[in-house]
Amino acid sequence: MGSSLSRLYKQSFNLPPPALTEKNLPDQAGKVHLVTGGYTGVGLKLVEILYQHNATVYVAGRSQSKANAAITKLKNDFPRSGGRVEFLQLDLADLPTIKPAVQAFQQKERRLDVLTLNAGVMHPPAGSKTAQGHDMQVGTNCLGHYLLAILLRPILEQTAATAPVNSVRITWAGSLEMDLRTPKGGMLWDNKTNAPDYPKGSSYGYSKVGDRYLAYEYARRLGKGSKVISICFNPGNLKTELQRHNSAIALVIVNRLLLYDAVFGAYTELWSGWSEDITKDNDGGYVLPWGRLGGNRKDLEEEMGKSGGIAEKFWDWCERETKAYL
C-alpha cells in the first residue's frame, strides 16, 4: 500500500516541468507521423504541436466527422504551417479494418517516423465487447494497437534505415493504473484457456499493463538488429474524453484534485517520441509525466525479464488473436 501511494504521489504531484514542448520541438518538415485517436484530447494536442512544426500527420480512428472538424480547425489556427494532416479510417475495436487502413497509408507514404499509439477506451459500460468479442478495453487498447504496430513495422524499419539514429519510434500508452489497480504480475492468467483472466472492473488496468508488456516485448523480440525504438509512457492524470464513462461524483473529485490539462499528456507523448534524450539503450523502457525515464512496480519489472512470464504470454496471446487479420 505504501509503495502504491508513493507511486501515486510521484506521478501526480510536484512534477518537473515538461522539457519538450511546442516552443522547442525541432522542425518536422519532411517527416511523417501517425497518431491513433489524433482528433480529440491528448492526441489532438500532440497533432497540433506537430502540425505547427510542419510535419505530415495522420490521425487514425473511427470518426470521419470528428477528424474533419479537427483538421479544419488546425488549418484555420495555423495557416502558416507547411505540414499536412490527413484522416486514416480504422476501428481498433474491429480488427479487419486495420489492414486496409495500413494499405491505404502505404499507398500514400514511403516513410513513417513516429507511430504514437495514443487512442484508448477507459471504463465503458459493463460488458462492452469489440466486434470480435473481446473485452472492449483490452481489445481496443492492446489487440488493435498490437496489430497496427505489426502491420506498420516494415515501413518503420524502412524509414529507420536512412533516418537519423534513434529518431524512428513506436510509443505505447500506459497509465498509473497499472501500478495501482492490478494484481501481482500485472494480470491474472487462465492456464486452461492460455489467456488473460479479467476480474470484474479491472480490465482497464490490464489493458495498460498489456501495453507496457507489448512495448517491452516489441523491443525484446523485434528490436535486436533494428533501429526502431519501442517505448511505453504514462501520459499523466488528464482531463480528457477517457473520463466520459465515470460517475459525476468521481469526475468532480478527480478533476479537482488530480487531473491536469490534456496538453501536458501531449508533452509526455512528445518527449517519448521526439526527445533526443531517448536512445536505443532505452528500448523497451518507460516514460513518466511530463517526460522523464522511470520504472514500474517491482513485480511488473520482474515479469518483463522472466522467461515464460506474463509479458511473454500476453504477447503470444495477442499474436494468436490477431494472426487471422495480418
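Why does N282 count as buried? N282 has 18% relative accessibility, so N282 falls in the buried class. Buried means under 20% relative accessible area, exposed means over 50%, and partly exposed lies in between (1.4 Å probe, protein chains only).

This is a predicted model, in which local features need pLDDT of at least 70, side-chain atom pairs count only at pLDDT 80 or more, and totals for chains, interfaces and linings use all residues. Residues are numbered from 1 along each chain as its sequence is written, and side-chain values use heavy atoms, with hydrogens and water left out.

**Around N282**

N282 sits in the loop between helix 9 (262–274) and strand 9 (286–288). Helices (H or I, at least four residues) and strands (E, at least two) are DSSP runs, numbered from the N terminus. N282 touches S230, I231, D277 and L293, leaving aside residues up to four places away in sequence. Contact means heavy atoms within 4.5 Å.

Strand 4 covers residues 114–117. V114 and T116 point one way, L115 and L117 the other, and all are buried. Two strands pair if DSSP finds at least two bridges between them. Strand 1 (residues 32–36) runs parallel to strand 4, and three bridges join them. Here H33 stands opposite V114. Strand 5 (residues 169–173) also runs parallel to strand 4, with four bridges. In this pairing L117 stands opposite W172.

| Helices | Angle | Axes apart |
|---|---|---|
| Helix 5 (residues 136–160) and helix 7 (residues 203–222) | about 20 degrees | 8 Å |
| Helix 2 (residues 41–52) and helix 3 (residues 64–77) | about 35 degrees | 11 Å |

Axes are lines fitted to C-alpha atoms, for helices over the stretch in contact, and angles run from 0 to 180 degrees between N-to-C directions.

Helix 5 and helix 7 pack at an angle of about 20 degrees. That makes helix 5 roughly parallel to helix 7. Angles under 35 degrees count as roughly parallel, over 145 as roughly antiparallel, 65 to 115 as roughly perpendicular and the rest as oblique. The contact includes Q137, Y146 and R153 in helix 5, and Y204, D211 and L222 in helix 7. Its residues divide into 11 nonpolar, five polar and four charged. Ala, Val, Leu, Ile, Met, Phe, Trp, Tyr, Cys and Pro count as nonpolar, Asp, Glu, Lys and Arg as charged, and the others, Gly among them, as polar.

In the other packing, L44, V47, E48 and Y51 of helix 2 meet A70, L74 and K75 of helix 3. This contact has five nonpolar, no polar and two charged residues.
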